[in-house]
Amino acid sequence: MAGGSLAVLALAAGPAVWAAGGAVYKDAAAPIPLRVADLMARMTLEEKVAQIRTAWAAKADMIDGLAFDPAKASAAFPDGIGHVTRPSDKRGVPGITGAAGGTAARWRKPGETVAFINALQRWAVENTRLGIPVLLHEESLHGYMATEATMFPQAIALAGSFDLDLMRRVQSVIARETRARGVPLVLSPVVDIVRDPRWGRIEETWGEDPYLAAEMAVAAVEGLQGPGKFERLADGKVFATLKHMTGHGQPESGNNVAPAQISERELRENFFPPFREVVRRCSVGAVMPSYNEIDGVPSHANAWLLGTVLRGEWGFDGIIASDYGGVHELATLHHVARDLEDAAHQALRAGVDSELPEGMAFATLTDAVRAGRVPQALVDTACARMLAFKFRCGLFENPYGDAALAEALTGNAEARALALEAARKGVCLLTNNGALPLDRKRMGRVAVIGPNHAIARLGGYSSVPKQTISLIEGLRMIAPDADSVTAQGVFITTSEDRSADDVTLADRAANLELIAEAVDVARRADTIILAIGDTEQTSREGFAKNHLGDRTSIDILGEQNALVDALAALGKPLIVAAYNGRPPSWPNVIAKADAVLECWYPGQEGGQAVAEALLGDINPGAKLPVSVVRNAGQIPLFYNHKPSARRGYLFDDKTPLFPFGHGLSYTSFAISAPRTAKPRFARDEDISAQVTVTNTGNRSGDEVVQLYITRSGLSVSRQVLELKGFQRVTLRPGESRTLSFTIPARQLAVWDDTLTETNPPGPLRLWAGNSSANLTPLDVEII
């Protein structure tokens, strides 16, 4: 038993716990519920409110320069500090708020971060009345977002690996790099199901499928926290935060924060499963509500969502931490609260325990409770949960970072090797007419062109790692004797500052001149590699009216299509390396390129991995975790649609540009139909199936064998396909392997016409193949 349940026990324990005397809360051997109860009994209302608030810009009130100042902190925070936002960044230092997101100016160095954290914790433990340590959190979407930390491929690329073991190992490195600096909580992973590529945050997700997202989520949480259920966090681990609950990935018109027009059935069938599965299998530390509203109720005030479902039906016992500004936006954006006090009251009533990043609404609670406008029991419940969480983190025993350990672990050789492995496994071959892999001996002079050929694209929620490798650097590393020439081709935007509010496309006239120069360079070459796509400005989180990240057009931006046209007209082999946060809905590029390699944002070592894939040193094996639409008119398009959908359009194709699960190889594979030991299965029985995969080509390579089901003849319509299993395997030429899959009976359940979860009898079709569009069936029956 842990988290919220501990808090409830703590409140119920009563005065008998502390009547015996002694500070039970300081006794590491005492049960956590008793420690919480003892500490709560000693606290003033002001101290309790401080525990559920957070400081970010308010770091200015506790620092002198970059250093923590105990005297300033005591004056500004007489009741202690409950929670500090992103200790690694310099928010609060004059002039830093606008520092470029992609520059080191924004972050403390590792040693500075540890020094700040340790001084903060010493003050909290030694100089506040009760000695309550401070909770700290950081971002870690695809790496600890702090200077020198390892930047792995973006989330959507990690999902495309279809490799759960890789996900666990990546997240384990993120955990140890973060915890070494003294931080026990990260705001990841993002487990939103995404169904709209106009949404700028699609890169942060694991795609459109609830099963893939759930399995990736469990693996990620196991990597961050450790596996299974537990009470206390192990050394070198951090608590995870599932975000954003929910419906965030299918907002109205593709606009971040917009309402999610989603029914309860859709929530339960598609958007809830990743959250639910993690809560069922892991002791996940925290859940973050989403910015959007569902059926008129914003998530931060949704007692049904956070209380009835999350804490009630699923038994979640961790903390609920608000998204940044999510509480005060109940008043300022959604207009469902009269003012900040009402917003705080609604959020507490719904179950929000901690207001990020500043606690500006929760700051009203002391006066509101004393005046009788907000019940103190709401504050007590949230405070008890936050204290239980701190005990579970081990902060009362050791709240400090270790500078030497952080120096040894952060961005070290092992982490860098894993970042390279992840980049290799995230590269997806979309098309190939035989142009790839390139032959060093026959490719001749290679023109490496494009706005992304000489920059390492890391994507959103990135910091500045110890090193990065661009595509041209990678090519020169692994083929130093190759004859290569370069050209810019075009610029995409006028700035590379991912934190800038204004995003302006590059000047068209200047780009047309650059295209002419690129054509002249390419004309004297034999092979063209074209690195195009997005910048971190053109696919990103839009969080304010003047900071936007969503788009109506999903084709490639600016003059990049013109660059493709001009280079394709030369008649030379044209190979596209796509660097992007959005799926590549680029019909003109796909039609004119001889091969397209989807690189996503491949992380700090991406340049080497992509170069290796182009030259055949590795064989791409990733798959698409999303369906790729042909144009915005098809949105929303996802493979697991209902039978009545996808009827077709006048003058256009109804099929995706690329289907979910698609990905080619430099070799070929044969995948058998699924086989089962019997044709009928009881309703409470797991279904076991076997599939044989054979490498029928002449190269070693990876294949992702995918298992789907189709249910029919039920009281409600069902998806035409549902992913229920996948395995990535490496096979030598001619090698075969038989893979075993098990579908638990609970994963066959459906929500019937009364919204009751059940596994009814009826026909079931199993499908096996290497994409959602290339499958072989077997019919069985549930009885």
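Modeller: Gladly, and please keep in mind that this is a predicted model. Let us begin with Ala-689, which counts as buried at 3% relative accessibility.

Biologist: Why is Ala-689 called buried?

Modeller: Buried means under 20% relative accessible area. Ala-689 has 3% relative accessibility, so Ala-689 counts as buried.

Biologist: Where does Ala-689 lie, and which residues does Ala-689 touch beyond those up to four places away in sequence?

Modeller: Ala-689 lies in strand S19, residues 687-695. Leaving out residues up to four places away in sequence, Ala-689 touches Arg-675, Thr-676, Leu-739, Ser-740, Phe-741 and Leu-766. As for Arg-582, which is 107 residues from Ala-689 along the chain, the two C-alpha atoms are separated by 35 Å.

Biologist: Let us turn to strand S15. What makes S15 mostly covered?

Modeller: Six of the six residues of S15, residues 574-579, are buried. Leu-574, Val-576 and Ala-578 point one way from S15, while Ile-575, Ala-577 and Tyr-579 point the other way. Both sets are buried, and buried means under 20% relative accessible area.

Biologist: How do you know that strand S14 and S15 pair?

Modeller: Two strands pair if there are at least two bridges between them. S14, residues 527-533, and S15 have six bridges, so they pair, and they do so in the parallel sense. In one of these bridges, Gly-533 has Tyr-579 of S15 as its partner.

Biologist: What does the chain pass through from S14 to S15?

Modeller: The chain crosses through helix H21, residues 560-568, and this β-α-β crossover is right-handed.

Biologist: How many bridges join S15 to strand S16?

Modeller: Four bridges join S15 to S16, residues 595-598, and these strands run parallel. Ala-578 stands opposite Glu-598 in S16. Here the chain crosses from S15 through helix H22, residues 587-592, to S16, in a right-handed β-α-β crossover.

Biologist: There is also a sheet with strands S6, S7 and S10. What makes S6 and S10 edge strands?

Modeller: This open sheet has three strands in the order S6-S7-S10, with parallel pairing. Strand S6 (241-245) and strand S10 (319-320) each pair on one side only, and that makes them the edge strands. Four bridges join S6 to strand S7, residues 286-289. Thr-241 stands opposite Ala-286 in S7.

Biologist: How many cavities of 30 Å³ or more are there?

Modeller: The count comes to five.

Biologist: Which elements supply at least two residues of the lining of the largest cavity?

Modeller: Strand S12 (446-449) and helix H19 (471-478) each do. H19 gives the largest share, three residues. The lining includes Leu-438, Met-443, Ile-529 and Leu-615.

Biologist: How is the lining of the largest cavity split by class?

Modeller: There are 10 nonpolar, one polar and one charged residues. Arg-476 and Ser-484 are among the lining residues. Arg counts as charged and Ser falls among the polar residues, so Arg-476 is the charged one and Ser-484 the polar one.

Biologist: And what is the split by class for the second largest cavity?

Modeller: The lining of the second largest cavity has four nonpolar, four polar and three charged residues. Among the residues that line it are Glu-47, Asp-79 and Arg-129. Glu, Asp and Arg count as charged, so these three belong to that class.

Methods: Residues numbered from 1 in each chain as written. Predicted model: local features only at pLDDT ≥ 70, side-chain atom pairs only at ≥ 80, totals over all residues. Heavy atoms only, no water. Buried < 20%, exposed > 50% of the residue type's maximum accessible area, 1.4 Å probe, protein only. Contact = heavy atoms within 4.5 Å. 1 Å grid on protein atoms, 1.4 Å probe; cavity = no way out; pocket = protein on both sides within 12 Å on 5 of 7 lines; lining within 4 Å. Points joined across faces, edges and corners; volume = space filled by probe spheres on them. Right-handed = clockwise from strand over helix to strand, strands pointing away.
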